[in-house]
Amino acid sequence: MGSAAGSQRAMCSCWRSLEWSPLRQEKKARLLFFHLAGKATCLLRGGVTMSTRPPMRPPGSVPAVLLGFQPAQAFSGALCLQQSSLNKNLNGYHASGTPAHPPETAHMSVRKSAGDTQNLGSSSPGKKHSKENTITINCVTFPHPDTMPEQQLLKPTEWSYCDYFWADKKDPQGNGTVAGFELLLQKQLKGKQMQKEMSEFIRERIKIEEDYAKNLAKLSQNSLAAQEEGSLGEAWAQVKKSLADEAEVHLKFSAKLHSEVEKPLMNFRENFKKDMKKCDHHIADLRKQLASRYAAVEKARKALTERQRDLEMKTQQLEIKLSNKTEEDIKKARRKSTQAGDDLMRCVDLYNQAQSKWFEEMVTTTLELERLEVERVEMIRQHLCQYTQLRHETDMFNQSTVEPVDQLLRKVDPAKDRELWVREHKTGNIRPVDMEI
């Protein structure tokens with residue numbers, strides 16, 4: 001009985017020691033891939049909504065075919081996973097065939113494929129191996145460019161935000177890096193500032209129109225050349241009157257510019273900065289959680305390496321029979337090593353869950369930022385078109401103010417004016433003659 005129980009415990013111990021083996025890990029990788037593939041299908045088929053709180057759920061109206069997602073193509077789709085001995089990772093490799101992150105800009109680590117014979121947990125940041133499946137940069141895991149086929153973009157030919165901002169970029173003003181999502185937020189805030197400056201520009205245009213109208217009205221009251229007579233005098237009086245009419249036209253133009261162009265530009269998305277700040281904090285929190293999970297993975301990996309080293313040392317002691325207690329020590333070391341492997345698997349699973357969540361929120365939010373930018377550009381274009389339309393109308397009204405002047409100028413007749421003046425001011429029509437003696 002005791003022998004059978006011991007044999008059973010040995011088999012259980014052996015089975016547990018294989019729980020984090022490459023074969024089991026590969027099986028778990030396949031299960032995780034199909035789980036994430038289904039989740040990604042929901043994500044990419046979804047639409048994008050934006051509220052004061054960043055979206056926490058996958059979007060709901062973008063077709064998967066539109067985004068180029070093909071679940072059947074395990075490593076060419078947008079969400080395919082490259083599974084190493086301990087990593088089940090999301091892609092970041094661009095369709096151009098270059099890695100998503102330049103190696104010199106961030107902290108990197110590489111992971112071996114399951115076929116490598118080196119012990120688990122021996123890989124460390126910055127150390128390369130003969131077979132590399134993944135590369136980790138700033139705590140985000142990407143497929144290694146030497147072993148990963150080209151990825152298909154989520155939205156091919158559209159230059160979509162969701163395809164080109166997974167990497168961190170070197171900060172030109174410092175030694176650190178700037179997250180790709182941060183660049184998108186800066187673009188949004190810059191767009192808001194440009195919109196504000198356009199509104200200020202239109203306000204200056206309005207002020208010019210108002211000053212111009214005031215000066216035209218003042219000039220129309222000027223008494224210069226008021227004593228001109230005849231048909232030319234009538235035309236001149238109409239010129240002065242047309243200035244008053246034109247002043248009225250420009251006042252109306254300035255009022256419409258304020259209500260139909262300047263005010264909409266100024267008031268568009270009044271709480272936009274506050275919304276973007278919330279969105280930034282949401283993505284930043286997910287990235288911090290990912291960094292924390294990655295640190296836990298590295299700690300567990302180091303612990304597993306130490307446990308394996310201890311087990312190897314005790315195995316060598318048993319071979320040379322240095323201690324009578326070596327066999328019992330080996331059992332303890334094997335249990336600790338198995339526990340360390342289990343801890344590492346758990347940490348990797350938590351890391352992959354955090355990265356999956358970050359990935360989903362990145363796709364959702366970048367598509368929303370893309371929609372907001374399109375909406376902003378279209379809004380400004382429409383209001384600038386309104387400006388040009390008002391300008392054309394102003395020109396038409398101004399033309400109408402000078403038409404009476406044109407009509408009177410065509411009627412100016414110097415001969416008629418002379419006749420009228422002579423009739424009114426004549427002193428006599430008897431001409432003088434020669435004197436007689």
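## Briefing: buried spots, salt bridges and a charged patch

Lys155 is buried, with a relative accessible area of 9% (buried means under 20% relative accessible area, exposed over 50%, partly exposed in between, using a 1.4 Å probe and protein chains only). This is a predicted model: local features need pLDDT of at least 70, side-chain atom pairs count only at pLDDT 80 or more, and totals for chains, interfaces and linings use all residues. Residues are numbered from 1 along each chain as its sequence is written, and side-chain values use heavy atoms, with hydrogens and water left out.

**Overall picture**

- The protein has 8 helices and 7 strands (DSSP runs numbered from the N terminus: helices are H or I with at least four residues, strands are E with at least two).
- Of the 437 residues in the protein, 41% are buried.

**Salt bridges**

- Side chains of opposite charge can pair when their charged atoms come close.
- The whole structure holds 19 salt bridges (a side-chain nitrogen of Lys or Arg within 4 Å of a carboxyl oxygen of Asp or Glu).
- Lys155 pairs with Glu158, and their closest N and O atoms are 3.4 Å apart. Glu158 is partly exposed, at 37% relative accessible area.
- Lys155 also meets Glu370 in a salt bridge, at 3.5 Å from N to O. This pair links distant parts of the chain: Lys155 sits in the loop between β5 (140-143) and α3 (161-164), and Glu370 in helix α7, 215 residues apart. Both Lys155 and Glu370 are buried.
- Glu375 forms a salt bridge with Arg269, with the closest N and O atoms 2.4 Å apart. Glu375 lies in helix α7 and Arg269 in the loop between α5 (230-267) and α6 (272-320), so the pair ties together parts 106 residues apart in sequence.
- Arg269 counts as buried at 17% relative accessibility, while Glu375 is partly exposed at 35%.
- A network of salt bridges links Arg269, Glu368, Arg371 and Glu375.

**A buried serine**

- Ser199 belongs to helix α4 (residues 180-220).
- Its relative accessible area is 0%, so Ser199 is buried.
- Leaving out residues up to four places away in sequence, Ser199 touches Glu262, Leu265 and Met266 (contact means heavy atoms within 4.5 Å).

- Arg335 is found in helix α7.
- Arg335 is partly exposed, with a relative accessible area of 48%.
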